[in-house]
Amino acid sequence: MFEASALNRKNETRQKLFRFGLGTMTGILILPVVLIMGTLIYKGAPVISFEFLFASPTNGMTAGGIFPALLGTVLLVIVALLASVPLGVAAAIYLSEYAPDNWFTRAINLAIINLAGVPSIVHALFGVGAFVIFFKFGTSILAASLTLAIMTLPVVIVATRESLQAVPMAFREACWNMGATRWQTIRRVVLPNAITGILTGVILEVSRTAGETAPIMFTGAAFFLPLLPQTVFDQTMALSLHLFVVSTQVPGMPEQLPFGVALVLISMVLLMNSLSIALRMYLRGKKKW
Amino acid sequence: MVGPEAGNPAAAPMESAVKLGVRDLQISYGRETILDDVSFDIHEHEIFGIIGPANAGKTSFLKAVNRMDMFNPEMTVGGSITFNNVAVDKIRNVYGLRRRIGVVFPLPVGLPLSIYDNVALAPRLGGQKNRAELDIIVERCLTRAALWDEVKDRLNSLGSMLSGGQQQRLTIARALSQDPELLMLDEFSIAVDPVTTMRIEDVLKELRSEVTIILVTNLVQQARRLADRTAFFLEGGCVEVGLTEDLFTGEVKDQRTRDYVEGRFG
């Protein structure tokens, strides 16, 4: 009664084949990550030192440290966040909590999706036209950060909107029934429960922003500056551009230096991502409903 | 408070004290009419039962009363509902209206706030900031909802982590914290065990002297235990309204009511 028929056996074989095939494909995924990290650590770790992180480049960037670039990236990210987070969160709250479902809302949603799909070099050119020339910010931290902010806005909006929509509708209705206005409901019930998801989205955005090169190249990042920036209207060095410069533009560069720069950059990004994952896990453990 | 007391005083002598007047009410979602031609009065300090099978329009009726149609662009309400003789769709301060109407949902909604904050939310929304006042309100409402003894030692723990029955009593405490004139309960016992249901029913009997209660229920016997008068909704219409005892003991105008309360359909 329970003997396998030819068809059963054929299905069983096929199932094993697919399981193996799909599993192998998945396994291959970790290969590039391991290779990249391995190479970077193997070749880059020796140059990392206190001096490397906290000194300025010397000898036409072939020696010394990367402090101006490191500081520049941090500055660019912070100013970009200051611009994109309030704007993005506000837009997401409007879209999720207030906007009626009509052609205008749908047009905005479509625009957000398209904004996310615009190549970063196009954002760079937009930044030059809008911030550097039209608003007369010149090539500056401000112009570069605003360009980055525009580019990362869709990430903030989508992450925020999704975490807002994860808050059960019943909570809102309970609140409305008590005579709360929409804003009171958002302020007291929706936002406190969505804030974790919003934070995660913001941190992910940081890691993306830190690594971008094209948008800052024409708008505010410089190859080399002898002095640290004093205001947001100064140019700055940045890790991503510095990596490009030391890898391709400077003759006589010691072989390991670019790997060191890359290692610092990727460590920054990974640190941010880990933070985001840790935060998410911690807060999920504290989920309140 | 709620708008000007603009209703026509002559139309409602103080004796009858109509709390909620419903006239030719029609509710539709998009093109689909789900409640039509409903008219009745609900008097002050009575428990008014609404019975009927699913999709009879009971919940939509409650939504129309406190103007929740504002949050659903599909929903349109025709005819008129008056609260204290003021048409609810003419009230400009709908928040004030909703503050006077407490609502309890079928599934308990413990907001992810502390037990204390759950009950203090409505007074705070109304502008109450005095901690001592809030303490008094919280204790009074939790006591009246028969929950105080179980939670008085852990008011700072999460309301959403209470058991289903406790959460439902918390929801009732929250509704009472608004000091409502009208309490609307929508099948409150669906997710609650029988013992808790009985405790809540006792609470409702005590509240009768202070507030008007609309009790939507799919448990016919619950309406019989609690309601002074009962309306029977069926397929988008109100079949009849009468003294609860009449519906159960003979004096029905419509045979369908008899069939429903005796469990022959629905």
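Visitor: How many of the 289 residues of chain A, as a percentage, count as buried?

Guide: Keep in mind that we're reading a predicted model here. Burial is a matter of counting neighbours: a residue is buried if 20 or more other C-beta atoms lie within 10 Å of its own. By that count, 38% of the 289 residues of chain A are buried.

Visitor: Which secondary structure elements does chain A have?

Guide: Chain A has 11 helices and two strands. Going along the sequence, the pattern runs α-α-β-β-α-α-α-α-α-α-α-α-α.

Visitor: And is chain A compact or spread out?

Guide: Here you set the radius of gyration against what the globule rule gives. For chain A the radius is 24 Å, well over the 19 Å from the rule for 289 residues, so the chain is more spread out than a compact globule. Its C-alpha trace spans about 80 × 65 × 35 Å along the principal axes.

Visitor: What share of its contacts join residues at least 24 apart?

Guide: Take the contacts in chain A between residues at least 6 apart in sequence: 75% of them join residues at least 24 apart.

Visitor: Which residues touch the most other members of the largest nonpolar core?

Guide: The general idea comes first: in soluble globular proteins, nonpolar side chains tend to be buried together. In this model the largest nonpolar core has 148 residues, and Leu76(A), Ile213(B), Ile214(B) and Leu215(B) touch the most other members. Helix α6 of chain A, residues 141-165, gives the most to this core, with 15 residues. Domain 1 and domain 2 of chain B both give residues to the core too, so it lies between them.

Visitor: What is Leu215(B) in contact with, leaving aside neighbours within four places in sequence?

Guide: Its partners include Ile47(B), Phe48(B) and Gly49(B), along with Leu185(B), Ala223(B), Leu226(B) and Ala227(B).

Visitor: Where do the two domains of chain B run?

Guide: Domain 1 is assigned as 1-100 + 181-190 + 211-266, and domain 2 as 107-179. Their C-alpha centres lie 27 Å apart. Four residues of domain 1 are in contact with five residues of domain 2. On the domain 1 side, those residues divide into three nonpolar, no polar and one charged.

Visitor: What is the strand order in the open sheet of chain B?

Guide: To read a sheet, list the strands by who pairs with whom. Here four strands run β2-β1-β4-β5, with antiparallel pairing. The edges are β2 (32-43) and β5 (86-87), each pairing on one side only. Strand β1 (residues 18-29) and β2(B) pair over eight bridges; for Val22(B), the bridge partner in β2(B) is Phe40(B).

How values were computed
Residues are numbered from 1 along each chain as its sequence is written. Chains are lettered from A and ligands numbered from 1 in the order in which they are written. This is a predicted model: local features need pLDDT of at least 70, side-chain atom pairs count only at pLDDT 80 or more; totals for chains, interfaces and linings use all residues. The radius of gyration is taken over C-alpha atoms; the globule rule is 2.2 Å times the number of residues to the power 0.38. A residue is buried if 20 or more other C-beta atoms lie within 10 Å of its own, exposed if 12 or fewer, and partly exposed in between; C-beta atoms are placed from the backbone. Two residues are in contact if their C-beta atoms, placed from the backbone, lie within 7 Å. A nonpolar core is a set of buried Ala, Val, Leu, Ile, Met, Phe, Trp, Tyr and Cys residues joined through C-beta atoms within 7 Å. Domain bounds come from an automatic or database domain assignment. Ala, Val, Leu, Ile, Met, Phe, Trp, Tyr, Cys and Pro count as nonpolar, Asp, Glu, Lys and Arg as charged, and the others, Gly among them, as polar. Two strands pair if DSSP finds at least two bridges between them.
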